Amino acid sequence: MREFSVDGVGARLFAHEDGHGPAVVMLHGAMANHLAALPLIAPLAERYRIITPDLRGSGRSWYGGPLTFDQLADDVALLLDHIGVGQAVVGGVSSGSGIALRFARRHPGRTIALVLVKPIYAGEARGYSDQQKATFGMMHAVASRALEEGVQVLKPLYANLPGGMRERALAMMEGFDPASVVATSHFVTSGAQPFMAAADLASLALPTLLVRGDDPLHPAEVSDLYAVNIPKCTAVPASTTDVAGMIGPFVDECFRSAA
């Protein structure tokens with residue numbers, strides 16, 4: 001595992017990489033860091049160069065200012081520029097899938113394929129569901145206290161995670177920056193979306209692997225929207241337990257086709 005950073009963009013952007021060969025990027029979701037995305041592509045390090053950033057406002061990429069999808073997508077491009085990578089398979093989990101999608105729309109020539117794991121964004125035309133609004137509102141009510149009370153206020157957000165996952169999340173939380181927590185929470189709660197409507201999904205002319213969501217935060221209706229409208233979309237059930245095992249063959253086929 002190697003670490004690198006990019007300065008001079010209003011923040012220090014950190015990322016981790018492993019392996020060699022064609023590049024695969026995986027982006028984590030809100031209130032997390034690269035460790036939340038790494039297990040999805042870690043097995044690929046035997047044959048690919050895997051890259052897992054700490055997104056701006058998360059992990060060690062501290063940033064307390066306003067966030068936008070364009071900014072977050074361009075950060076990924078800057079990180080790839082820094083290590084001399086022109087094209088990559090780009091993926092994301094939960095809210096990270098929205099940044100991956102925005103990257104593909106903003107930098108189509110650099111995106112070989114997309115991996116979208118349990119997406120949450122339905123586009124500007126639809127916005128969040130009522131359940132998503134309630135969940136993100138609750139999250140923001142807690143996270144907004146981080147500046148005054150420290151990142152320990154986030155502990156209740158991880159209380160219902162399974163034991164091992166909960167312990168990893170709590171350990172990850174210890175490295176968070178309070179201002180970054182507030183900035184990220186504000187961005188997610190704002191309802192900003194990475195695309196406008198279904199027509200934008202239909203314009204994605206690249207292979208896409210979709211791991212469906214099926215819970216209030218990752219509604220099945222969002223996955224249905226993607227599966228129906230993205231032309232080259234391969235969807236796998238939300239019940240899939242070995243997501244990394246699904247990503248590997250998909251990435252292999254994408255790079256074979258691109259060769």
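User: At roughly what angle do the axes of H1 and helix H10 cross?
Analyst: This is a predicted model, in which local features need pLDDT of at least 70, side-chain atom pairs count only at pLDDT 80 or more, and totals for chains, interfaces and linings use all residues. Residues are numbered from 1 along each chain as its sequence is written, and side-chain values use heavy atoms, with hydrogens and water left out. Helices (H or I, at least four residues) and strands (E, at least two) are DSSP runs numbered from the N terminus, while axes are lines fitted to C-alpha atoms, for helices over the stretch in contact, with angles from 0 to 180 degrees between N-to-C directions. The axes of H1 and H10 (residues 243-258) come within 7 Å, and the crossing angle is roughly 60°.

User: What does that make H1 relative to H10?
Analyst: Angles under 35 degrees count as roughly parallel, over 145 as roughly antiparallel, 65 to 115 as roughly perpendicular and the rest as oblique. So, relative to H10, H1 is oblique.

User: Which residues of H10 make the contact?
Analyst: Contact means heavy atoms within 4.5 Å. H1 brings Pro-39, Leu-40 and Ile-41. H10 answers with Val-243, Ala-244 and Ile-247.

User: How many nonpolar residues does the contact of H1 with H10 have?
Analyst: Ala, Val, Leu, Ile, Met, Phe, Trp, Tyr, Cys and Pro count as nonpolar, Asp, Glu, Lys and Arg as charged, and the others, Gly among them, as polar. This contact has no polar and no charged residues. Its nonpolar count is six.

User: What is the order of the strands in the open sheet?
Analyst: Two strands pair if DSSP finds at least two bridges between them. The sheet is open, has eight strands and shows mixed pairing. Its order is S1-S2-S4-S3-S5-S6-S7-S8.

User: Which strands stand at the edges?
Analyst: An edge strand here has a single partner strand, so one of its sides is left without a neighbour in the sheet. The two are S1 (2-6) and S8 (233-236).

User: By how much are neighbouring strands of this sheet turned against each other on average?
Analyst: Direction is ignored for this value.

User: About what angle does the direction of helix H1 make with that of S4?
Analyst: H1 (residues 34-41) packs on the sheet. The helix touches S2 (13-18), S3 (23-27), S4 (49-53), S5 and S6. Its direction and that of S4 make an angle of about 160°.

User: In S2, which residue is the bridge partner of Arg-2?
Analyst: S1 and S2 run antiparallel and are joined by five bridges. They form a hairpin with six residues between them, and Gly-8 in the turn has a positive phi of about 80°. Arg-2 is bridged to Glu-17.

User: In S6, which residue is the bridge partner of Val-89?
Analyst: S5 (residues 88-93) and S6 (residues 111-117) run parallel, joined by six bridges. Val-89 is bridged to Ala-113.

User: In S8, which residue is the bridge partner of Leu-209?
Analyst: S7 and S8 run parallel, with four bridges joining them. Leu-209 is bridged to Thr-234.

User: What is the hand of the crossover from S7 to S8?
Analyst: A crossover is right-handed if, with the strands pointing away from the viewer, the path from the first strand over the helix to the second runs clockwise. Here the chain goes from S7 through helix H9 (residues 220-229) to S8. This β-α-β crossover is right-handed.

User: Are the residues of S7 on both faces buried or exposed?
Analyst: Buried means under 20% relative accessible area, exposed over 50%, and partly exposed in between (1.4 Å probe, protein chains only). In S7 (residues 208-211), Thr-208 and Leu-210 lie on one side, with Leu-209 and Val-211 on the other. All of these are buried.

User: What is the relative accessibility of His-34?
Analyst: His-34 lies in H1. Beyond neighbours within four places in sequence, His-34 is in contact with His-16, His-28, Thr-52, Pro-53 and Asp-54. His-34 counts as buried because its relative accessibility is 8%.

User: About what angle do H2 and helix H3 pack at?
Analyst: The axes of H2 and H3 (residues 95-106) are 8 Å apart. The two helices are therefore roughly perpendicular. Their packing angle is about 75°.
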